[in-house]
Amino acid sequence: MRPLLIPGLLLFGSLAFAGATTHTHKTDDRGVWLEIAQAPVKTRDWKNPYEGKPEAIAAGEKLFRQHCEECHGEDSKGHRHAPNLRSSGVQNATPGELAWLLRNGNMTHRMPPWAGIPEQRRWQIIAYIKSLGADPGASATNTAPASHGSLR
Amino acid sequence: MSSLSSVGSGGVWRTPVLRIAIFLVLLLSALGFAPRTCAQETPYFVAYSHHLEEPGNLEIETYSIYGTQKGAGDFIAPWMELEYGVTAWWTTEFYIDSQHTFGDSTVFTGTRWENRFRPLMHEHWINPVLYVEFENITDADKTLKEVVGSDSQFDAAEPNFEADASHAHEIETKLILSSDYKGWNFSENFISEKNLGHEPWEFGYALGVSRPLRLEATPQHCNFCRENIILGAEMYGGLGTTDLLTLSGTSHYVAPIAALQLPNGVTFSFSPGFGLNDNSHRVLLRWGMSYEIGGFGRKLRSLFR
């Protein structure tokens, strides 16, 4: 059994590195805007049933800390591959577009789909993200193209 | 004392107690400093859903199964899993299996290496996942992570010294189909397993359904609240082989499941399973704990910068 155990552990370790190395290169957020632009038209008009509700925003913040903070940072301003959630691109996206992105993820840019979280909780997260407001200091790479529609 | 007496010049690293102590210190340090994340996993023991490990996260899992046995002693089979999200569409997992049979012995029964791939990059009504696993185990393995072919409880009655001498190299593939609807998860797995020796393909199935007790989150931080509890059930069994595609001689189980997902990344799971026919073990109790370490890959790499 030992002959397989050691190569197996080595392989596992190397995979961990392989996964980690894709973190290293700095990416701009264009992939996210392209992904948002893929959201079906009907999703744009989806309304967030929790929008502006303080309890839901507080619950959304709790969920953000559990699921999103690891990549998007404590201040939600992004980290390496993860975009700034206070950028104009995210803040100007409709709740429906964000709901679509959260459900489907952006797997080619390392964002997993979060469909395993109940829909209600995803809306609570979006209510929290929207409550953050735009960050005036967002860098150029964190700024969305002028119009999502132009990417469609 | 016996371990200390073996410590000589340069032999300190070979002392088993010291090695275990160093391992525990390193593990606890890693856990203490690791960012904890909360996974979005389903609570199944046998079935798989389409939700993969988040990229860069490592989940350390330890599970056990207690089974009643006709014709031999009951058994406990613990196994450990290391699950890593290589990308958002690829999860790899390494298993170490063992078992103890009452009135017999305790044996290490082998290792398994599993990979799951999501071929579609968006969510659909039904989401497929392709699963490939290589198993290097002995016939003494009783983890019952899957039931295929005409597996029955009588296979597990073989004494450990005989079963452990028989090695099996197997490839297992699964087509995982899974859907989420209004907080429910529905998963269907179609299993094919092939011993790399001259044996036919064996087939099996696993079905799972689960749902959190509460769909909305509350603003308060809580551990023992309804939003952290997931209930469900799974059913699994064999479907015969390429030589004899029949339900005759196969075994089948149904098992309710309860899981508690704590916000700090720890999940506790429990499932009492019940055999549905005479070929099945009468009772299979499963329990386990998992711990998710967020950003493990990045942390590991930063150590070597």
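Predicted model: local features only at pLDDT ≥ 70, side-chain atom pairs only at ≥ 80, totals over all residues.

Reader: Which residues of H8(A) are the buried ones?

Author: They are Arg121(A), Arg122(A), Trp123(A), Gln124(A), Ile125(A), Ile126(A), Ala127(A), Tyr128(A), Ile129(A) and Lys130(A). These buried residues pack against three helices of chain A, namely H4 (54-67), H6 (88-92) and H7 (95-104).

Reader: What span should helix H8 of chain A have, and how far apart are its end C-alpha atoms?

Author: At 1.5 Å a residue, the 14 residues of H8 (residues 119-132) should span 20 Å, and the end C-alpha atoms are 20 Å apart, which agrees. Just after H8(A), Gly133(A) takes a positive phi of about 75°.

Reader: How many residues of each chain are in contact where chain A touches chain B?

Author: On chain A there are 38 residues in contact with 44 residues of chain B. The elements giving two or more residues to the chain A side are helix H1 (2-21), H4, H7 and H8 of chain A, and the largest share, eleven residues, comes from H1(A). Sorted by class, that side of chain A has 20 nonpolar, twelve polar and six charged residues.

Reader: What helices and strands does chain B have?

Author: Chain B has four helices and twelve strands, and buried residues make up 42% of its 305 residues. Among its contacts between residues at least 6 apart in sequence, 60% join residues at least 24 apart.

How values were computed
Residues numbered from 1 in each chain as written. Chains lettered and ligands numbered in written order. Buried ≥ 20, exposed ≤ 12 C-beta atoms within 10 Å, placed from the backbone. Contact = placed C-beta atoms within 7 Å. Expected span 1.5 Å × (residues − 1). Nonpolar A, V, L, I, M, F, W, Y, C, P; charged D, E, K, R; others polar.
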